[in-house]
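Reader: Hello! Could you walk me through this structure with a few questions and answers?

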Amino acid sequence: MKDFFYAIEDLFVNVLFAPFDALRALELENWWTANLLSWVFIIIGIVAMVYWMLQLKKFNANNEEDKSITSHSYL
C-alpha cells in the first residue's frame, strides 16, 4: 500500500507539476514569457465580458428583459 502512495507522489511531483517547474525556471529569465498564459486568459476574459455586455445591451434595446420589481415569487 505504501508503494501506491509513493506512485501517486511520483506522478504529481515528477509528471503533472513539470510544466509549473518549467515556468518557475523561465520566470528567472523573462517575466513576460513566463506570464504569457496568464495574459491570454485575461484577454479571453475581457473579450467574453465585452461580448456579454453587448448582448445585454441588445436585449435591453429590444425590451426583452423582465424589469419587474420582484424577480422571485417568494419576495
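This is a predicted model: local features need pLDDT of at least 70, side-chain atom pairs count only at pLDDT 80 or more; totals for chains, interfaces and linings use all residues.

Reader: What distance does helix α4 reach from its first C-alpha to its last?

Author: Residues are numbered from 1 along each chain as its sequence is written, and side-chain values use heavy atoms, leaving out hydrogens and water. Helices are DSSP runs of H or I with at least four residues, numbered from the N terminus, and their expected span is 1.5 Å times one less than the number of residues. Helix α4 covers residues 36–61, and its reach is close to the expected 38 Å, at 38 Å.

Reader: How many aromatic pairs does the structure hold?

Author: Rings of Phe, Tyr and Trp (its six-membered ring) pair if their centres lie within 6.5 Å; planes under 30 degrees apart are stacked, over 60 edge-to-face, and the rest tilted. By that rule, the number of aromatic pairs is 6.

Reader: Is the pair of F4 and F5 stacked or edge-to-face?

Author: The ring centres of F4 and F5 lie 5.5 Å apart. Their planes stand at 70 degrees, so the pair is edge-to-face.

Reader: And which kind of pair do W32 and W39 form?

Author: Their ring centres are 5.8 Å apart. The planes of W32 and W39 meet at 25 degrees, so this pair is stacked.

Reader: Is W32 buried or exposed?

Author: Buried means under 20% relative accessible area, exposed over 50%, and partly exposed in between (1.4 Å probe, protein chains only). W32 has 56% relative accessibility, so W32 counts as exposed.

Methods: Helices (H or I, at least four residues) and strands (E, at least two) are DSSP runs, numbered from the N terminus.
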